[in-house]
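Please read these notes with the sequence and the structure open beside you.

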Amino acid sequence: MSFRDGPFENLKVPLTWTAAVALILAGAGALLLLLNDKREQLDAKAYGARGAFDAIAAPANGMFAHPVRWVGQASDWVDDYFFAVSENRRLKKQVAELEAWRDAAVALKNINSRYESMLQIRTEPPVPMVTARAVSESRGPFVNARLIDSGSRKGIKVGNPVINEHGLVGRVVGATASVSRVLLLTDVASRTPVLVNRTDARAILVGDGSGNPKLEFIRGKDAVKAGDQILSSGDGGVFPRGLPIGVAAKGLDGSWRVKLYSDRGAVDFVRVLLFEDFAQLVNPEALNAPPLTALNKAAPPPSPELAARIEALHPTPHPGAVAAAQPPAVTLATPRPAATAAQPTATPPKPAAPAAAAPTQGNGGRP
Amino acid sequence: MRGRAVRVVGPLHWIGYPALAVVAATLVFATPVRLFRLPLPEPIFPMVLAFAWPLIRPSMLAPAVLLVVGLFLDLLWGGPMGLWALSLLCAYGVILFARPLIVGQDVRALLGWYVGATILAYALGYVFTAMDVKAAPSLVGAFFQVLVTVLLFPLANNLIERFDDGDVRFR
């Protein structure tokens, strides 16, 4: 006896209702994930489990991307064939303009190096770089990011700036051993401190998912004109100062926007600057660790052998009186002669001498 | 004379394979390449599924698969987790409950519903993103992405015509 011949023949399955229940459960799950998402924090912790997906998605995406890249190369070939003459004229004009700049740069570099040696300035050390290839890209209005095929195995860390041959592209917001995720300047969550090269005015470059991010919080009146060059300001320490970003232009909505230099370059090859910002250089726990925290605390009493060695190095005229006035632990906390050991230990430490502080100022000349 | 074998259309045919095709298409279009100096468009391919599946027939499996595909989009593009999953499920829900009104209408009416569902999904995505990052994404960028997603309607219509068996139990 088949199913349709049985007692369930006329049973009407409430498919719509069961589908609705499944829909509500799936929607609740998605809503919970959305509420718990911490992507906007753009740090290593927020990246979390996404790293495992990226590590798998990158090679899979690379496999799917091969035929598309071939088509892209074919289109480039056709493009070069038809536009070779006009591009040749443009490049000749550009070379003529750049020759004057090259001569000026050589002269300025010579003067600059003399000034640096005369003033004994600690110049910024060269920042090491890693070349990587983008294997995936999202270009939508809500997310602008790329997945690149180099990761922490090559020294890439969260926060590293990413550039191409023309200018700043974005920064690393997630790194696994073999792949990293780069947040582009155009992403709606991207905020970059910049300066206007002509006026040195500061502003924040705010991505909104379009190709040209906005300039907001511009300091100063008439600080920006169309055509002004926009550079990274280095404020906040995330990016080094002076990375070229683009040219200011007035948007259709009346706001100042930036035409990005990086759009002129190849879309797939990038370079990651292994530049470390303040947050990466300074470990907050190390700052709070002894001996600084020990200034307000009593150190543990020395062992008998250590106390004997201290006594041998710094003999006191009246050992019994000093011992009665000051416990041995306090004398250890302030490595001074016994005559000054009785001073209160809560005295703040003296500021470091300029000569001693000078080497710590180097920091690569970073802001 | 031998009779022709009956072709059984299971969930694998109308849910599994289209979902895999959508994932593959998304991966291909995520390639960072420029064709004739222009980047590839970035349509939301799963919108085809969110529109076609509730019209083919109500299913418990379809919302679950749509959730997985939406999460895949969020992970691949690096967006907030659940953004596209929730947006697509909302569009799916509206089409599911409007199903008695839509089924049996001509292609132009279906196109109108598809455009409406696409705009709804993008509007929700826009609101969720704005709430997440506390900044408004570009409306122009969203408009162009809606446009390229609307161009996928023939795929959705093809899927409906291929698997809509007209079973009255699903009306």
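1. Some terms come before the helices. Axes are lines fitted to C-alpha atoms, for helices over the stretch in contact, and angles run from 0 to 180 degrees between N-to-C directions. Helices (H or I, at least four residues) and strands (E, at least two) are DSSP runs, numbered from the N terminus. This is a predicted model, in which local features need pLDDT of at least 70 and side-chain atom pairs count only at pLDDT 80 or more, while totals for chains, interfaces and linings use all residues. Residues are numbered from 1 along each chain as its sequence is written, and chains are lettered from A and ligands numbered from 1 in the order in which they are written.

2. In chain B, helix α3(B) (residues 61-77) crosses α4(B) at roughly 145°, and their axes come within 7 Å. Residues are in contact if their C-beta atoms, placed from the backbone, lie within 7 Å. Among those that meet are Leu66(B) and Leu67(B) in α3(B), and Leu88(B) and Leu89(B) in α4(B).

3. Chain A has nine helices and 12 strands. How many residues does chain A give to the contact with chain B? It gives 52 residues, and chain B also gives 52 residues. On the side of chain A that touches chain B, α1(A) gives the most, with 14 residues.

4. Helix α3 of chain A (residues 50-119) packs against helix α1 of chain B (residues 11-29) at about 70°, with the axes 8 Å apart. α3(A) is therefore roughly perpendicular to α1(B) (65 to 115 degrees). The contact joins Ala60(A), Asn61(A), Phe64(A) and Val68(A) to Ala24(B), Leu27(B) and Val28(B).

5. A residue is buried if 20 or more other C-beta atoms lie within 10 Å of its own, with C-beta atoms placed from the backbone. A nonpolar core is a set of buried Ala, Val, Leu, Ile, Met, Phe, Trp, Tyr and Cys residues joined through C-beta atoms within 7 Å. The largest such core has 115 residues, and Val48(B), Ala50(B), Leu66(B) and Leu89(B) have the most contacts inside it. Helix α4(B) (residues 83-97) gives the most to this core, with 11 residues. Leaving out residues up to four places away in sequence, Ala50(B) touches Leu66(B), Leu88(B), Ala91(B), Tyr92(B), Ala117(B) and Ala121(B).

Key: Parallel < 35°, antiparallel > 145°, perpendicular 65-115°, else oblique. Contact = placed C-beta atoms within 7 Å. Buried ≥ 20, exposed ≤ 12 C-beta atoms within 10 Å, placed from the backbone.
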